[in-house]
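Notebook open, model loaded. I wanted to look up the inside space first, then the charged side chains.

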Amino acid sequence: MPEPTFDSLADCLDWVEPRLLEAHQNKLERGQPAEMPTDMPWWPAGYAHDAEARAFEIAVGAVLTQNTNWNNVEKALANLHAAEVLAADRILALDDETLSDLIRPSGFFRIKTRRLRAMTEAWQDAGGRVGLQARPTNELREWLLGIHGVGHETADDILLYALERPVWVIDTYTRRLFHRLGFPETATKKYDRLADDLLTHTLEPTAPRLARWHGLIVEHAKAHCRVKPVCGDCPLIERCAYGSGLEKGE
Ligand code: SF4
């Protein structure tokens, strides 16, 4: 791996963010498909008509998106919406077979039936979005991690997008990007430690900004920083340890 070109993670974040944002805005201006249809909110919650329904729909999507792509989640959410059950009390009123059938397009549907039911029960018991909003972020994370089938990434998806808490969502794309930019430890660092590092080094880490960061990284990973990267016209190549090394044949 070539030498990193950034003095610190903070330096890297400050340099990368405006470039990914500019690339995203250029896409929108050219009418090209973009991961984020607008700047915010990035996480789609197309069926909700109020804040509570939106938060719950995001939480449902966060469970269903485990180990699958978003297109499959959209089909499952469309089924739940068409059956008029995209609400906590209605999901809990379904039997397992009916719920499994509705979420089948998201894959692993028997496992996800149990996970979705567990998350929905916990959500309802906690008083939904309003009840949860009263609790501090660390307590919410512990609560989420205690729910069957909710791991770190799902918990942080829900914290950031459903409950608007300032947290970094660490996924494969995030680890890959910062690894390639010259921070190899991000590939293997424990989830909590990496999330803390990124949060500490982010300038003004508000929830909207972190929500946008995650969307920008996903968009960039799909357009350029794939498993086999497309570095040629990548907006980050100038200072990317991996990409510039490839150019030099290292
Ligand atoms: S230059 Fe290549 S490796 Fe680096 S961020 Fe861009 S696509 Fe990824």
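Cavity lining first: I found that helix 10 (172-180) and helix 13 (241-247) each give at least two residues to the lining of the largest cavity. Helices here are DSSP runs (H or I, at least four residues), numbered from the N terminus. This is a predicted model, where local features need pLDDT of at least 70, side-chain atom pairs count only at pLDDT 80 or more, and totals for chains, interfaces and linings use all residues. Residues are numbered from 1 along each chain as its sequence is written, and side-chain values use heavy atoms, without hydrogens and water.

I got about 100 Å³ for the volume of the largest cavity. Of its 15 lining residues, the closest to the centre are His-220, Cys-225, Cys-231, Cys-234 and Cys-240. (Cavity: on a 1 Å grid over the protein atoms alone, points where a 1.4 Å probe fits but cannot get out; lining residues have an atom within 4 Å of a point. Volume: the space filled by probe spheres set on the points, which are joined across faces, edges and corners.)

Next, salt bridges (a side-chain nitrogen of Lys or Arg within 4 Å of a carboxyl oxygen of Asp or Glu): I searched the whole structure and got 8. One of them pairs Arg-209 with Glu-17, closest N and O atoms 2.7 Å apart. Arg-209 is in helix 12 (residues 207-223) and Glu-17 in helix 1 (residues 9-30), so this pair ties together parts 192 residues apart in sequence. Glu-17 is buried at 7% relative accessible area (buried is under 20%, exposed over 50%, partly exposed in between; 1.4 Å probe, protein chains only).

Methods:
On a 1 Å grid over the protein atoms alone, a cavity is a set of points where a 1.4 Å probe fits but cannot get out, and a pocket is an open set with protein on both sides within 12 Å along at least five of seven lines; lining residues have an atom within 4 Å of a point.
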